[in-house]
Amino acid sequence: MFRHAPYGNAIAREGLEAALACGAMGAKTSVLYINEGVWQLLGQQDSRAIDCKNQSAMASALPLYDVDAIWVDEDSLKQRNLTSADINAGKTIDRTHVQALLATSKSILSF
Amino acid sequence: MLLHTVNKSGFANSALSDCLAVVSPNDAVLLIENGVYGALNNSPSEFAHIKNIKRLSTSGTRFYVLQADCEARGLDASTLLATFTIIDDTGFVNLAAEATAIQSWY
């Protein structure tokens, strides 16, 4: 569960690393971008000038690690005046689906 | 049942309101650390999170607040919303054991 914007601190990057590690270890992994976490999905990220690894590029590695279930909370996009056209990965889901996803998760890592 | 823990004050951070927006009726919400301020009933105005807590409580969501964190911050039980049950660390462990998963809002 990704709830924080990228680059301001290490939380978002650590979340991605954890998701990649879960995938690499063969754990059935879903990723949910919600609240400020949806900022991680904006296209055209270029973090060279702030000396950080491009997290957008890192996130694009998720399917290579068998993390194919990538979900995005629709309300969080709307609240930030974003649409599915603005994001570069994931399928949007409503709050009912978010609740169902959480309820069926064996464990939740929150970043 | 999911256990949601919130450790930020509802007055300064969106963690509590973000949590309340996805909580299900059969879930439990536990306020810890600075999160305990979210259980206060003595606010001068009706904050949105208080309204949402009351509404969710009516639909079945259980609300808890950690005793040690209330005591440390000088919050008396009489100042908390009646919807909250005060629990100690053992209660926290019991809730965690009861839950299928724990979601930490911070």
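**Exercise 1. In which order do the elements of chain A run from the N terminus on?**

Solution. The order is α-β-α-β-α-β-α. Now count by type: chain A has four helices and three strands. Keep in mind that this is a predicted model.

**Exercise 2. Decide what the radius of gyration of chain A says about its overall form.**

Solution. Step one: take the chain length, 111 residues. Step two: a compact globule with 111 residues would have a radius of gyration near 13 Å. Step three: chain A has 13 Å, so the value agrees with a compact globule. For the outline, the C-alpha atoms fill a box of roughly 40 × 35 × 20 Å along the principal axes. Inside the chain, 30% of the 111 residues count as buried. Now turn to contacts between residues at least 6 apart in sequence: 70% of them join residues at least 24 apart.

**Exercise 3. Describe the contact between chains A and B.**

Solution. Start with the residues: 13 from chain A meet 10 from chain B. Then sort the chain A side: five are nonpolar, five polar and three charged.

**Exercise 4. Is Tyr37(B) buried or exposed?**

Solution. Tyr37(B) sits in the loop between strand E2 (28–31) and helix H2 (48–59) of chain B. Next, count neighbours: Tyr37(B) has 20 C-beta neighbours inside 10 Å. The cut-off for buried is 20 or more. Therefore Tyr37(B) counts as buried.

**Exercise 5. Which residues does Tyr37(B) touch, leaving out those up to four places away in sequence?**

Solution. The partners are Ser9(B), Gly10(B) and Phe11(B). Compare Phe84(B): it stands 47 residues from Tyr37(B) in sequence, and their C-alpha atoms are 12 Å apart.

How values were computed:
Residues are numbered from 1 along each chain as its sequence is written. Chains are lettered from A and ligands numbered from 1 in the order in which they are written. This is a predicted model: local features need pLDDT of at least 70, side-chain atom pairs count only at pLDDT 80 or more; totals for chains, interfaces and linings use all residues. Two residues are in contact if their C-beta atoms, placed from the backbone, lie within 7 Å. Ala, Val, Leu, Ile, Met, Phe, Trp, Tyr, Cys and Pro count as nonpolar, Asp, Glu, Lys and Arg as charged, and the others, Gly among them, as polar. Helices (H or I, at least four residues) and strands (E, at least two) are DSSP runs, numbered from the N terminus. The radius of gyration is taken over C-alpha atoms; the globule rule is 2.2 Å times the number of residues to the power 0.38. A residue is buried if 20 or more other C-beta atoms lie within 10 Å of its own, exposed if 12 or fewer, and partly exposed in between; C-beta atoms are placed from the backbone.
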